[in-house]
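Keep the 3D view open while you read.

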Amino acid sequence: MTTRAILLLSAFLLLGGCKQDVESISLPEFIQDWTQDQRSDEQVIWDGLVGNWYGSLVREDGSRHQWLNRHYADGTYEVDFQTVSTAGRVSFSRETGQWGAAGGIYFTIFRGWLYGDEFEPSDPSDAFNYDAYRMLKLQSDLVIYESLKTKTRYEARRVPEGFRIPAPDEETGI
């Protein structure tokens with residue numbers, strides 16, 4: 001036998017004795033002590049985010065950016081965006097994807113655009129399609145969250161089913 005073969009055989013025999021039985025691996029304490037109360041807290045946050053949320057902000061360039069986000073209980077979302085430039089030009093888009101919340105983080109996974117009944121998928125390998133936000137406040141009618149990437153702070157108010165983004169010359173009353 002060559003030296004290389006002897007070394008490989010020795011390593012194989014030595015490592016073969018290191019096999020650990022899966023049943024003997026203990027779970028970390030935090031998983032063993034997971035309680036229904038903790039699950040309930042996470043569910044309260046999830047349930048609190050389900051529904052329709054409207055937000056508006058003025059960007060640094062002076063344009064007004066508005067959104068109407070519809071969070072569904074199955075973890076999907078649709079969001080309408082309307083931007084009004086300082087020159088009064090209005091642009092509109094509708095997106096869809098998945099959303100979630102865990103450990104004080106709200107996140108979205110953009111899946112594509114909706115054009116009426118047509119769906120145009122996004123590129124799932126594009127890192128720009130994944131966003132995470134630190135949740136700063138969640139009340140029954142208000143959510144405030146901050147982008148982990150840009151540090152932009154967003155505020156949205158719960159709105160009833162059928163609410164629409166107001167026309168540029170309309171007030172929301174919210």
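Tyr-145 and Tyr-154 are both buried, where buried means under 20% relative accessible area, exposed means over 50% and partly exposed is anything in between (1.4 Å probe, protein chains only). Before going further, a word on ground rules: this is a predicted model, so local features need pLDDT of at least 70 and side-chain atom pairs count only at pLDDT 80 or more, while totals for chains, interfaces and linings use all residues. Residues are numbered from 1 along each chain as its sequence is written, and side-chain values use heavy atoms, with hydrogens and water left out.

Now step back for the overall layout. The protein chain has 3 helices and 9 strands; helices (H or I, at least four residues) and strands (E, at least two) are DSSP runs, numbered from the N terminus. Reading from the N terminus on, the order is α-α-α-β-β-β-β-β-β-β-β-β. Buried residues account for 29% of the 174 residues in the protein chain. The accessible surface of the protein chain is about 12100 Å², and carbon and sulfur atoms hold 55% of that; these areas come from the Shrake-Rupley method with a 1.4 Å probe, and for residues only the protein chains shown count as cover. As for contacts (heavy atoms within 4.5 Å), take those in the protein chain between residues at least 6 apart in sequence: 36% of them join residues at least 24 apart.

Next, the inside. In soluble globular proteins, nonpolar side chains tend to be buried together. A nonpolar core here is a set of buried Ala, Val, Leu, Ile, Met, Phe, Trp, Tyr and Cys residues joined through side-chain atoms within 4.5 Å. The largest such core has 16 residues, and the ones touching the most other members are Leu-49, Trp-67, Tyr-106, Val-143, Tyr-145 and Tyr-154. Strands E1 (51-58), E3 (76-84), E4 (90-102), E5 (105-115), E7 (130-138), E8 (142-147) and E9 (153-159) each give two or more residues to this core.

Back to Tyr-145, then. Leaving aside residues up to four places away in sequence, Tyr-145 touches Trp-67, Tyr-106, Tyr-133, Arg-134, Met-135, Leu-136, Thr-152, Arg-153 and Tyr-154. Quite a few of those names carry rings, so let's look at ring pairs. Rings of Phe, Tyr and Trp (its six-membered ring) pair if their centres lie within 6.5 Å; planes under 30 degrees apart count as stacked, over 60 as edge-to-face and the rest as tilted. By this rule the count comes to 9 aromatic pairs. Ring pairs link Trp-67, Tyr-106, Tyr-133, Tyr-145 and Tyr-154 into a cluster.

What about charges? The structure holds 6 salt bridges, each a side-chain nitrogen of Lys or Arg within 4 Å of a carboxyl oxygen of Asp or Glu. Arg-70 and Asp-80 form one of them, at 3.3 Å from N to O. That pair links distant parts of the chain, with Arg-70 in strand E2 and Asp-80 in strand E3, 10 residues apart. Both Arg-70 and Asp-80 are buried, and salt bridges link Arg-70, Glu-78, Asp-80 and Arg-94 in a network.

Another salt bridge joins Glu-146 to Arg-134, with the closest N and O atoms 3.8 Å apart. Because Glu-146 lies in strand E8 and Arg-134 in strand E7, the pair ties together parts that are 12 residues apart in sequence. Glu-146 is buried, at 15% relative accessible area, whereas Arg-134 counts as partly exposed at 37%.

Last stop: the loop between E8 and E9, the place of Leu-148. Leu-148 is partly exposed, with a relative accessible area of 32%. Residues up to four places away aside, Leu-148 touches Ile-105, Ala-132, Tyr-133 and Arg-134. Lys-151 lies in the loop between E8 and E9 too, and its phi is near 70°, a positive value in a residue other than glycine.
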